[in-house]
Amino acid sequence: MSDVLLSAKNLTKRFGGLAAVNGVSLDLKRNSIHAVIGPNGAGKSTLTHLLSGDLLPTSGTVLLGQRDVTGWRPERISRQGLGRSYQKTNIFLPFSVWENVRLAAQSREPHAARWLRPASSFIAVNARTERAIALSGLKDRQFAMAGTISHGEQRQLEIAMTLATEPQVLLLDEPLAGMGAQEAERMVALLLELKKNHGILLVEHDMDAVFALADQLTVMVNGQVIASGTPAQIRADAGVQAAYLGEDIGVEPA
Amino acid sequence: MDLANFFIQLLNSVQYGLLLFMLAAGLTLIFGIMGVVNLAHGSFYMLGAYLAWSLSSLLGSLGLAIIVGALLAVAFGFALEWLLFRHFYKRDHLDQVLLTFGLIYIFEELRSIVWGDDVHGVPIPELLSASVPLTENLAYPVYRLFMSGVCIALALGLYGLISKTRLGMKIRAGAFNRDMAESLGINIKLIHAVVFALGVGLAAVAGMIAAPIASVYPNMGAQVLIMCFVVVVIGGIGSVRGALIAALLVGLVDTFGKVLLPQMAGMLIYMLMAAVLLWKPEGLFKQ
Amino acid sequence: MSAQKSNLEILPRGVQVTLALGLVALVAFPFTGTDYYIQMLTRMMIMAIFAMSLDLLQGVTGLVSLGHAAYFGLAGYALAFMMPQGEPASLWWTLPAAVLASGLAALVIGFFVVRTHGIYFIMVTMAFAQMVFYLFFDNRALGGSDGLYINFKPDASVAGWVPFDLDSKRTMYYFTLGAMLVVYVFLRRLLWSPFGRALAGIRVNEHRMRAMGFGTFGYKLAAFTLAGSLAGLAGYLWGTQTGYINPELMGFQMSAHAIMMVILGGMGNFAGAIVGAFAFEYLLHVFKDLPQLGSVNLGKHWQLWMGLFIVLLVTFAPRGLLGLVERFGMGKEKTGGESHHE
C-alpha cells in the first residue's frame, strides 16, 4: 500500500488570462499533516477546490490513492474517500447540529435512499454521527440549530461533518479561522489526534498552529509553489522569508 | 420550395426573430442584472399593443402613437419598479414568480376594464402599406421590413448604449459586481430602475409595432412570453448577444418548421431547447 | 437561489388537532351535505393531492416548477384514451397505467430539466409543459382544443364482485378522501426517511450535499418523477370525477395555481398543501361569486381580486397560513432535522 494518499501533479487553473494556480505539485502522505501556506491571493483556496473537484483544472492531474480523479465530480471524489471542510462555513443553518452531521454520515450508508423507514432509525448512521460529534467536541450543542451556535462552534461543526463521511484524506480549508485561543488549542489537539489515522492537507494562516502541526509544508505565492519541505527547512529558506514570513508571522509583505 | 418562397420565409424568420429579441433583450437584462424572474413581461407586450390601438386612433398616426406609447410605457416601467419590483430583488425566485403571476391577473383585468375584451385591428399606415415585388406573383409587405428595421435600429441603439456610453458602463459594472459598483459611487438603484424601465419599454414597443400584423386581443402576452423564455434559456441569462442569436435561431426554426413540418411545428422549438440544454445547461452564451 | 429557510416540518400540537378535526368533518360531511357540495369537496381533495405532489418538489426539495400541471393533465388524457366507447374500463389497471404514464413523462422531461438550476429551472419547466400543452391543443387526434370526454367512470369490479361503484357521488368522495389520506401518510413518512432528509438537505445546501458524496442529480430526478406520478394520480381522479379533460388542465395557469396553493398553506409539510388547496379553491369561489356593486359586477373581475390577493400574500405573508400560525405563536416548536420526531 502506497504511502501517498493524495497528490497533485502540475496543477494549473486559469481564469481568462490569470493563472490562479500555476503548475502546483504536492504529495500528501499517510498519517501526516501537510500544510499549505501563503499570502492572501496565493491560490490556496483555488488549489483546494481543484483537489476536491469543485473546480476543473485547466491542466495537470489529481491522484487520490493511486486513482486519477482529475475531472471527477465532487460527489464521486467524496465517495472515493476525500472529505473537505470549507473556509466560509458551509453548513445547513436551519438544521440542528445533530442533523447536519447525521446527513453527512448518511452519505456513506449503502441504503441511503430508503423511502419509508425513518432516517433516525439507522443505527450505523447514528453511531457514525455520535462518533463525529464527540470527536469534534460538540456533544452538548448537538440539538441546537446550526444557525444559532457560535462561530467557533460552527467551525467545529464543519469538521464534524467532514469526519462523519469517514474519509481517509481530510482537506481542511482554514479550520481555525475566527477561533479564539482556547478553541484553537482544542482544534490543534483534535488534528494531532486525527493525524494518527488520516492524511490531512491543511490550508491555514495561523502560523503558530501550522508549525505546531505540520510534518510537511508547501508555500505558495501568486499561484506557484516557491518552497516545499519540513518546517525546519521552510523556516530557513531565504526565499520564503523574503516573500512571506517577514517580521510578523502571518502578515503579508507591504 | 422555390427561391422566392425561401426568401420570403427567411425574411419572415428574421422579422419574427428580431421581434422576439426586443422582448428577450429586456427580459434577459432584467434577469441578468437584477436577478428577477418576471412572468408579467408578456403583459407589457400586450400593453404596447393596446396602447397602439387607442393612441393611433386618438392621434391619427401610428408613428406618433409609437413614440407617445413608448414614453408612457417607460414611465409605467419606472413606476412599477419603484412601487413593487425593487423590493423583490433580494427575495426568493418563488416569491418573484408569485408576485409576477399575480400581476398578470391584475394587468389582464385592468386591460379588460380599460379596453374591453374585443379583438381589434390596427391599420397599417398608408406610407408603409405597399409591397415590394419579388416575382411575378409574390410580393413582400413593406411594413414587415419596417418592423425589422425598427428592431435593428433599437438593437443597435441598445448595443451602443451598453458598450459605448457611461450609463452602459455603469450597467455592466453593476451586473458584474454590485457591491463594488456601489462603492465606486454608482447609483445602483437608479441603474436598476433604468434597466427595468428599458425592458418594459422595449416589450411595449414590440407590441406596438407588431399590432398591425398580429392584431390586438386578450391574453396575447401569454404565448409570446413562452417564446421569450425559450429564447433566454437558449441564449443564456444576462447575455444580450445570446438573446439576439437565440431569437434569430428560434425565428428560423419556428418559421421554417411551420412550413416544412407542420405537424411537429409546435414542438420543434422545445426540441431545439432540449438539445441546447443537453449540450450547455446554462445557455449558449451564459455570462 | 437556496435561501437557507427552515420549513415547518414538525406540526405544532394545535395544528395537528385542527387537522384531525378537519378529517372528522370530511368523513362526516356526506351525511349532511348536498350532492353539489359533495362534488365540490371531492374536487378540493383532488386539488389537495395535486398540491401535495408539488409540495414534495417545491417545499421539500426546493425545486420551483412552473410546469407541474402537465403531469396532472397527462394522466387525465391517459384515462380518456384507455376508456373505450362502449363500456367502462377497469379501475384496477387504468389507475396504475395513468399514474405510470405521468411518471414516465416526468422522468423523461425531468432528465432534461433537472440539470438546470435557479431561474433556468423555472423557465424550462414552464417551456416543456407548454410543449405538452401544444401537443394536445394542436392535434385533433388527441382531442385538440376541445378536449376529450371520458364516457364512464372506471369500473371497480374484480372477477364479478363489485366492492364499490364510482358512479355514486358519495363513493367517489370517499374514494378520493382515502386516496388523499394515503398520499398524505406516504409523503409524511417519506419526509422523515433518509431519502426525504436528503431532499431537504438539497434544498438547503445542494453544494454541501454533493461535497458529502450525495449524487444530487439522481435525488432530484427521483423527486421530480415521484411528484409527477402523484400529480398523475390527482389528474386521474379529476378525469374520473368530471368526465372531461382538456389542455387547459395542463397549462401554465394550472401550474401557477398549484404553486399558490402550496404557498398559501405553507410549504414543506404536506398539511399546508391540503389546507392551501382547500383555501385556494374556496377563495376562487368567493371571488367569482362576488355580488354586483352598483353597475359593476365584482364577480366578473375575479382575476383582479385574485391577483391583488396574491400580490398582498407574497408581500406580507410569504410563508402562508401555517407560517402565520407559526409566527403568531402556536408555540416555538423546533423546525426540521431533529432525530426525535412525531
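**Figure 1. Residue pairing between β3 and β9 of chain A in a predicted model.** In this predicted model, A:V36 has A:T218 of β9(A) opposite it. The two strands, β3 (residues 33-37) and β9 (residues 216-221) of chain A, run parallel and are joined over 4 bridges; two strands count as paired if DSSP finds at least two bridges between them. Helices (H or I, at least four residues) and strands (E, at least two) are DSSP runs, numbered from the N terminus. Residue numbers start from 1 in each chain as its sequence is written, and chains are lettered from A and ligands numbered from 1 in the order in which they are written. Local features need pLDDT of at least 70, side-chain atom pairs count only at pLDDT 80 or more, and totals for chains, interfaces and linings use all residues.

Figure 2. The open sheet has 6 strands in the order β6-β7-β8-β3-β9-β10 (chain A), with mixed pairing. At its edges are β6 (82-85) and β10 (224-229) of chain A, each with a single partner strand, so one side of each has no neighbour in the sheet. Helix α1 (residues 44-52) of chain A lies across β3, β6, β7 (169-173), β8 (199-203) and β9 of chain A, at about 150 degrees to β7(A). Helix α6 (residues 181-195) of chain A lies across β3, β7 and β8 of chain A, at about 145 degrees to β8(A). Axes are lines fitted to C-alpha atoms, for helices over the stretch in contact, and angles run from 0 to 180 degrees between N-to-C directions. Contact between two residues requires C-beta atoms, placed from the backbone, within 7 Å.

**Figure 3. The four-stranded sheet of chain A.** Here 4 strands form an open sheet in the order β2-β1-β4-β5 (chain A), and the pairing is antiparallel. Because β2 (18-29) and β5 (67-68) of chain A stand at the edges with a single partner strand each, one side of each is left without a neighbour in the sheet. Between β1 (residues 4-15) and β4 (residues 59-64) of chain A there are 5 bridges in the antiparallel sense. A:L6 has A:L64 in β4(A) as its bridge partner. Helix α1(A) packs on this sheet, touching β1, β2 and β4 of chain A, and its direction makes about 115 degrees with that of β1(A).

**Figure 4. The side of chain C that touches chain B.** Of the 2 pairs of chains in contact, chains B and C share the most contacts. In this pair, 35 residues of chain C are in contact with 32 residues of chain B. On chain C, α5 (118-137), α9 (252-265) and α11 (302-316) each supply at least two residues, and α5(C) gives the largest share, 13 residues. By class, this side has 27 nonpolar, 6 polar and 2 charged residues; Ala, Val, Leu, Ile, Met, Phe, Trp, Tyr, Cys and Pro count as nonpolar, Asp, Glu, Lys and Arg as charged, and the others, Gly among them, as polar.

**Figure 5. Surroundings of C:A48.** Apart from its neighbours within four places in sequence, C:A48 is in contact with C:M180, C:A273, C:I274, C:A277 and C:F278.
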